[in-house]
Amino acid sequence: MKDEHFAEDVMQEGFLKAFTKINDFKQEVAFGAWLKRIIVNNSIDFYKKNNQFKTEDFEKTLYKLEENDIDEQEKLDFNELKVKQVLDAIQSLKYNYSMVLTLFYIEGYDQEEISEILKISYANCRTTLSRAKENLRKKLSEL
């Protein structure tokens, strides 16, 4: 969430939803993973419900990727960047890029799980993630 107040609301709603559905927990996965899934899905639902956040149809946003050999000189040393700068750069990207990067790097989901969460194909998830990484690199190189 871009706003702390929205984040608090979404988190609280997620906990309430988990509490009311606690009987549905079948211990097939760890409780933390089950709760995390509810919170993430609640956050995505919040984005979709609010008109102030423009969502894009991931299936319509396909990109052809070409493998480019990046010279070692072109690679940037990002170790000196601060976490806040990286998070701000991620949030400044397009919605679909920001969402995929957040789910992948911050939440720790793999590409298959992300494609299920966002209801997109695995190939589209992979290309979107790759494109998002490239845009993030460009943003960070400007810092």
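A surface patch here is built from residues with over 30% relative accessible area and no salt bridge, joining like charges within 9 Å and nonpolar side chains (Val, Leu, Ile, Met, Phe, Trp, Tyr) within 5 Å. The model is a predicted one, where local features need pLDDT of at least 70 and side-chain atom pairs count only at pLDDT 80 or more, while totals for chains, interfaces and linings use all residues. Residues are numbered from 1 along each chain as its sequence is written, and side-chain values use heavy atoms, with hydrogens and water left out.

One nonpolar patch on the surface is made by Val 83, Leu 87, Tyr 105 and Ile 106, which together have about 400 Å² of accessible area (Shrake-Rupley method, 1.4 Å probe, with only the protein chains shown counting as cover for residues). Helix H3 (83-91) and helix H4 (95-106) each give two or more residues to the patch; helices are DSSP runs of H or I, at least four residues, numbered from the N terminus. Tyr 105 sits in helix H4 and, at 48% relative accessibility, counts as partly exposed, a label that falls between buried (under 20% relative accessible area) and exposed (over 50%).

The rest of H4 tells another story. Of its 12 residues, 9 are buried, so H4 is largely enclosed by the rest of the structure; Tyr 95, Met 99 and Leu 103 are among them. These buried residues pack against H2, H3, H5 and H6. From first C-alpha to last, H4 reaches 15 Å, close to the 16 Å expected at 1.5 Å a residue (1.5 Å times one less than the number of residues). Just after H4, Gly 108 takes a positive phi of about 85 degrees.

Then there is the inside. A nonpolar core is a set of buried Ala, Val, Leu, Ile, Met, Phe, Trp, Tyr and Cys residues joined through side-chain atoms within 4.5 Å. The largest core has 22 residues, and those touching the most other members include Ile 44, Met 99 and Leu 136. H4 gives the most to this core, with 6 residues. Leaving aside neighbours within four places in sequence, Leu 136 is in contact (heavy atoms within 4.5 Å) with Val 86, Ala 89, Ile 90, Leu 93 and Leu 101.

As for charges, the structure holds 1 salt bridge, meaning a side-chain nitrogen of Lys or Arg within 4 Å of a carboxyl oxygen of Asp or Glu. Arg 137 and Glu 134 form it, at 3.1 Å from N to O, and both lie in helix H6, 3 residues apart, about one turn of the helix.

Note on methods:
Buried means under 20% relative accessible area, exposed over 50%, partly exposed in between (1.4 Å probe, protein chains only).
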